[in-house]
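Let's take it one feature at a time.

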Amino acid sequence: MSGSLGDEKLRVQQLRALRRRWLRDQELSPREPILPPQKLGPVAAFWEGFLKPGGLWRQQVHKAYRSGRFLMLRVLLPAWAIAYYLKYHVRELPHGVVLTNPRILPGDMVLETGEVMPPLPEDSHHH
């Protein structure tokens, strides 16, 4: 029986060594993969150079994005929320109500002309 245990130990050791070697073989060296150079057309070559990281245009776009985000989140949205609250919750008159001159009733005097409004004619039929 001692012979079979020794054989099993040797087999397990060999399998571990094979697995380690296989895993080591799966790692790519810095030179891999070796691909043939691609021939880019004029449009693709332009975009390849244009989209390289660290370009000036990327910095400008990022700066514009940050400025716009700041303006939108810290200025415009709070200003809109405050205006909305004041317009619909604080004002005494509801939105859309327009103040006009008060109605002139019989017996009232028109200030511009000094004329006194005559009483309404009596209606003979009753409703």
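At Met-72, helix 3 bends by about 35 degrees. Please keep in mind that this is a predicted model. Helix 3 covers residues 56-90, 35 residues in total. From its first C-alpha to its last, helix 3 reaches 48 Å, close to the 51 Å expected at 1.5 Å a residue.

Now for the aromatic side chains. The structure holds 3 aromatic pairs. One of them joins Tyr-84 and Tyr-88, whose ring centres are 4.8 Å apart with planes at 50 degrees, so this pair counts as tilted. Why are Tyr-84 and Tyr-88 separated by about one helical turn? Because they sit 4 residues apart in helix 3. An α-helix has 3.6 residues a turn, so residues three or four places apart point the same way. Ring pairs also bring in Trp-80, which forms a cluster with Tyr-84 and Tyr-88.

| Residue | Relative accessible area | Class |
|---|---|---|
| Tyr-84 | 40% | partly exposed |
| Tyr-88 | 41% | partly exposed |
| Gln-13 | 53% | exposed |

Gln-13 belongs to helix 1, which spans residues 2-26. Exposed means over 50% relative accessible area, and Gln-13, at 53%, is therefore exposed. How far apart are the C-alpha atoms of Gln-13 and Arg-91? They are separated by 85 Å, and the two residues are 78 residues apart along the chain.

How values were computed:
Residues numbered from 1 in each chain as written. Predicted model: local features only at pLDDT ≥ 70, side-chain atom pairs only at ≥ 80, totals over all residues. Heavy atoms only, no water. Helix = DSSP H or I, 4+ residues; strand = E, 2+ residues; numbered from the N terminus. Expected span 1.5 Å × (residues − 1). Bend = angle between axes of the 7 residues up to and from the residue. Buried < 20%, exposed > 50% of the residue type's maximum accessible area, 1.4 Å probe, protein only. Phe/Tyr/Trp six-rings, centres within 6.5 Å; stacked < 30°, edge-to-face > 60°.
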